[in-house]
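Reader: I would like to learn how to read pockets, cavities and sheets in a model. Please start with the terms.

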Amino acid sequence: MRLEIGNIFIKDVQFGDKTEVKSGTLFVNKDELAKIAGDDERIKSVEVFLARPGESVRIIPVKDVVEPRVKVSGDGGIFPGFMTGVDQVGSGRTHVLKGAAVVTTGKIVGFQEGIIDMKGAGAEYTPFSKTNNVVVKVEPLDDLKQHEHEVVVRLAGFRAANYLGEAGKDVKVDEEKVYETKPILEQVKEYPNLPKVVYAYMLQTQGLLHNTYYYGVDVKQIVPTFMYPTEAFDGAITSGNCVSACDKNPTYVHENSPVITDLFEQHGKTINFLGCVVTNENVTLMDKERSSNMTAKLVEFLGADAAIISEEGFGNPDADLVMNCNKIEGKGVKTCLITDEYAGQDGASQSLADSTPKGDACVTAGNANVVVTLPVMDTVIGYPEVANVIAGGWDGSLNADGSITAEIQVITGATNELGFNYLTAKTV
Amino acid sequence: MCTVVPISLTVGANRIVPTVAIPYPLGNPALDPADEKELRRKLVEKALKALQTEVTEQTVFKDE
């Protein structure tokens with residue numbers, strides 16, 4: 001499966017009469033976008049705002065972040081299963097409005113939604129302070145149930161992103177990338193002397209607003225399956241997560257899945273990247289056992305010498321991570337784990353809920369419990385008072401002057417477990 | 001009493017009684033109320049029995 005990605009660099013976003021890309025600026029017809037995003041009888045109102053890097057703007061509560069993309073050629077469309085049928089995606093050509101993002105906000109759905117600050121201390125923790133954001137504030141009908149509210153806002157974000165993505169279809173791109181994974185027997189033969197690597201891609205699927213979708217299928221209902229890596233770049237995996245903002249993977253992160261892009265970067269140089277096993281993080285022990293057994297079986301069957309395993313979220317998914325590690329290592333395959341930590345505000349507590357001596361190669365995306373103060377912003381899009389209830393905040397997190405004191409857990413993407421974040425450590 | 005037995009083992013619990021699921025360890029919304037009460041009672045009785053059982057090592061009390 002071969003996919004060409006054409007990146008169109010977006011350096012600014014403005015409202016305009018027509019939605020189009022001109023000289024690196026994305027112009028957005030506000031009314032047309034609001035109409036398309038709001039095309040759902042369960043929606044009461046849609047408002048559209050712009051938030052650019054460096055502006056004194058806070059977005060709260062953030063539900064999802066979505067990157068505008070469009071299929072130029074090849075099967076299917078962006079976000080299969082939701083927007084565009086269920087054809088297999090990941091081949092042909094896709095254009096990306098690189099530097100632009102749709103951010104969805106509105107009345108809070110769950111208690112685990114996030115904050116994006118475009119300036120100040122908070123901006124240094126979220127990758128989405130660097131994107132030109134088209135903020136879509138969606139308010140549902142008053143009597144809508146929580147889970148339906150989540151669906152409504154999620155789909156509005158996809159419609160908005162696909163609408164903007166269309167503007168990039170006939171635009172000359174600034175950067176070309178080509179990614180290819182061959183069928184397994186051919187792929188193994190292509191680089192016979194390089195170590196073969198499989199990526200075990202764990203997705204948050206605890207239910208009760210903690211869901212992720214693959215081609216529109218709720219991933220808690222799948223048994224682990226093989227995915228060509230480029231499928232992710234066409235939006236095959238989408239977030240439906242109201243999970244702690246710091247370490248959930250917004251849809252944007254799946255579209256840019258950093259572990260996949262890094263493995264492709266080394267593909268043919270230091271490794272032979274065979275593909276991905278998509279797996280879940282379910283809530284019964286039997287599900288956890290079954291999925292980790294299946295994941296280990298697939299990794300073995302694909303002939304991997306080594307596997308990268310990434311987690312999404314924390315707490316009981318730590319048990320899935322450890323099971324995947326133990327069982328894949330048990331097949332004689334080396335593993336490297338990617339997680340984050342909840343080590344307490346002083347960093348002195350046990351970082352993960354579970355552990356294994358086999359997890360001796362592990363990358364951390366940071367400690368989510370670190371406390372920061374986010375300064376006052378001139379403009380707040382959304383509802384600042386939810387700082388007192390979202391995970392990582394507490395009653396009193398919103399200070400009288402409008403600043404917020406909370407754990408970095410509240411910041412969208414702060415400890416992203418696919419490495420799509422800015423935290424780093426160095427020895428001094 | 002817990003759902004994710006491996007975590008209980010990792011943290012060193014002596015007597016472990018497996019439960020239903022993380023969002024509802026001692027219940028099951030798929031059951032009707034009478035059956036769910038029966039399930040809860042069985043789990044509690046199993047835990048009480050476990051407490052009265054001498055153990056020499058970490059022990060998981062599985063269904064008999």
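Author: On a 1 Å grid over the protein atoms alone, a pocket is an open set of points with protein on both sides within 12 Å along at least five of seven lines, a cavity is a set where a 1.4 Å probe fits but cannot get out, and lining residues have an atom within 4 Å of a point. Grid points are joined across faces, edges and corners, and a volume is the space filled by probe spheres set on the points. This is a predicted model, in which local features need pLDDT of at least 70, side-chain atom pairs count only at pLDDT 80 or more, and totals for chains, interfaces and linings use all residues. Residues are numbered from 1 along each chain as its sequence is written, chains are lettered from A and ligands numbered from 1 in the order in which they are written, and side-chain values use heavy atoms, with hydrogens and water left out.

Reader: Which residues lie nearest the centre of the second largest pocket?

Author: They are A:Lys177, A:Tyr179, A:Phe233, A:Thr261 and A:Phe264, out of 20 lining residues. The space in this pocket is about 410 Å³.

Reader: Which element gives the most to that lining?

Author: Helices (H or I, at least four residues) and strands (E, at least two) are DSSP runs, numbered from the N terminus. Here E13(A) gives the most, with five residues.

Reader: How does the lining of the second largest pocket divide by class?

Author: Ala, Val, Leu, Ile, Met, Phe, Trp, Tyr, Cys and Pro count as nonpolar, Asp, Glu, Lys and Arg as charged, and the others, Gly among them, as polar. This lining has six nonpolar, four polar and 10 charged residues.

Reader: What about the largest pocket?

Author: Its space is about 520 Å³. Helix H7 (285-301) of chain A and helix H2 (33-51) of chain B each supply at least two lining residues, and H2(B) has the largest share, six residues.

Reader: How many cavities of 30 Å³ or more are there?

Author: The count is one, and the largest cavity holds about 100 Å³.

Reader: How should I read the sheet?

Author: Strands of a sheet pair through backbone hydrogen bonds, either parallel or antiparallel. Two strands count as paired if DSSP finds at least two bridges between them. In chain A, three strands form an open, mixed sheet in the order E2-E4-E3. Strand E2 (12-15) and strand E3 (20-22) of chain A each have a single partner strand, so one side of each lacks a neighbour in the sheet.

Reader: In which sense do E2(A) and E4 of chain A pair?

Author: E2(A) and strand E4 (residues 25-28) pair in the parallel sense over four bridges.
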